[in-house]
Amino acid sequence: MSPVDRAAERFRRLLDQPPDGVWSAPGRVNLIGEHTDYNDGLVLPFALPHRVAVAASARADGRLTMITVGDDGVPQRARPAAVSDLEPGSVTGWAAFPSGVAWALREAGVAEGGADLVISGDVPAGAGLSSSHALQCAVALALLGLAGVVPDEDSSPTLAEVARWVQRSENDFVGAPTGLLDQTASLCCVAAHALFLDVRSGAREQVPFDASAADLEVLVIDTRTKHSLADSAYGERRRGCERAAALLGVPALRDVPAAGLAETLAALPEDLRPLVRHVVTENERVLTVVTALRAGALADIGPHLTASHTSLRDDYRVSCRELDVAVEAAVGAGALGARMTGGGFGGSAIALVPLDRSDAVREAVSTAYDRAGLGAPRMFTAVPSAGARRDA
Ligand code: GAF
């Protein structure tokens, strides 16, 4: 059963009535443009077919009730809260994600009413594929929809505004200092395309990306690991970038030109140089990949994906053994390129694989994991899919 059907069916069973509506939002893969979003830079994600669905009805008493239904079908109920009482720190655990969205929408003055939410999803959790942002974006559309607000491209609120509210809930309520990549991907991606987003200007372009038409696949390799330093290291990298930008006298590392990079780096303390080099070269790689995709030259992007991984591993230092083993094995077995995707320190890698090498690459990755004494990874083909929407 799809997450949408399951959320609707569970809502009926648990609350004895049909929901007012069902909304869903996808997880994402970032094709390239990593750790560039909070540097005002460029990203190129696409949406996964995996989604989180929220069946929802408005409540007259201003309370928020939240039930999540896991793979085992067992419902988990969070403690209900009054939307008017929500404050950062007032809710912990998984319920902080939907509660934070309700808080951010209340703060923005766009949706303040209570709601019953029943949640079901199939985005792999903890895999660096944005399951939490899928949840937050689905909840945002649901709460807005219950308030009669439908985001639109031409009038407020736009999807870009919704992405900022979701970011605010993540930054200030959940307490994770993340950028705009994941929410924008979940809200704005369309099927068979990657989303070229300039985070500073907000400009978006849907770039055709149909790997199977080019006899390729994007293989996701979920390492099934998340190292404990992921959260602290993310904040450290971010602060390092801000410090470097301040020393260079620019608003963000986005403003550091690629030309003359060696001289620019020489003016910085040694520990900041690799961070700056990664961000500047990664933005350049995004532009190169977008140009290739616009020309329909999908196979040409492979080496740039691998160069991105090398930069994230050696300069930005956010990779880990599980990701490196996956990338090396995939490329060794015939992938055109491979890289970690998302924040790093575990999560998932992606590989661009010719369809006739698909089995060989999967086998090589499994064997390499086995040899390295690592637990088996989970692998699947990622097909660029639709963004968030109302389903029923
Ligand atoms: C995580 C964050 F949530 C994103 O904002 C982004 O910074 C990404 O890591 C790295 O590119 O997914």
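**Helix packing, domain contact and ligand surroundings**

In this predicted model, Val325, Ala326, Ala329, Ala330 and Gly332 of helix 10 are in contact with Val361, Ala364, Val365, Ala368 and Tyr369 of helix 11. Sorted by class, the residues of this contact between helix 10 and helix 11 comprise nine nonpolar and one polar, with no charged residues. Helix 10 spans residues 321-332 and helix 11 spans residues 358-371, and the two pack with their axes 8 Å apart at an angle of about 140°. Because angles over 145 degrees would count as roughly antiparallel and those from 65 to 115 as roughly perpendicular, helix 10 is described as oblique to helix 11. The crossing in which helix 10 passes helix 11 is right-handed.

Helix 3, formed by residues 131-146, and helix 5, formed by residues 181-188, have axes that come within 9 Å and cross at roughly 55°. This angle makes helix 3 oblique to helix 5, and the crossing of helix 3 and helix 5 is right-handed. On the side of helix 3, the contact is made by His133, Ala134, Gln136 and Cys137, which meet Asp182, Gln183, Ser186 and Leu187 of helix 5. The contact of helix 3 with helix 5 contains three nonpolar residues, four polar residues and one charged residue.

The description now turns to the domains. The protein is divided into domain 1, which consists of residues 3-208 together with residues 386-390, and domain 2, which consists of residues 212-382. The centres of domain 1 and domain 2, taken over C-alpha atoms, are separated by 26 Å. To the contact of the two domains, domain 1 gives 28 residues and domain 2 gives 38 residues. On the side of domain 1 that touches domain 2, at least two residues each are supplied by strand 1 (21-32), strand 2 (42-59), strand 7 (193-198) and strand 8 (204-208). By class, that side of domain 1 has 17 nonpolar residues, eight polar residues and three charged residues.

The residues around the ligand are Glu34, His35, Asp37 and Tyr38, then Thr178, Gly179, Leu181 and Asp182, and lastly Gly342 and Gly343. In this shell around the ligand, two residues are nonpolar, five are polar and three are charged.

How values were computed. Residues numbered from 1 in each chain as written. Predicted model: local features only at pLDDT ≥ 70, side-chain atom pairs only at ≥ 80, totals over all residues. Domains from an automatic or database assignment. Contact = placed C-beta atoms within 7 Å. Helix = DSSP H or I, 4+ residues; strand = E, 2+ residues; numbered from the N terminus. Nonpolar A, V, L, I, M, F, W, Y, C, P; charged D, E, K, R; others polar. Axes fitted to C-alpha atoms, helices over the stretch in contact; angles between N-to-C directions. Parallel < 35°, antiparallel > 145°, perpendicular 65-115°, else oblique. Left-handed = near helix turned anticlockwise from the far one by under 90°. Near = placed C-beta within 6 Å.
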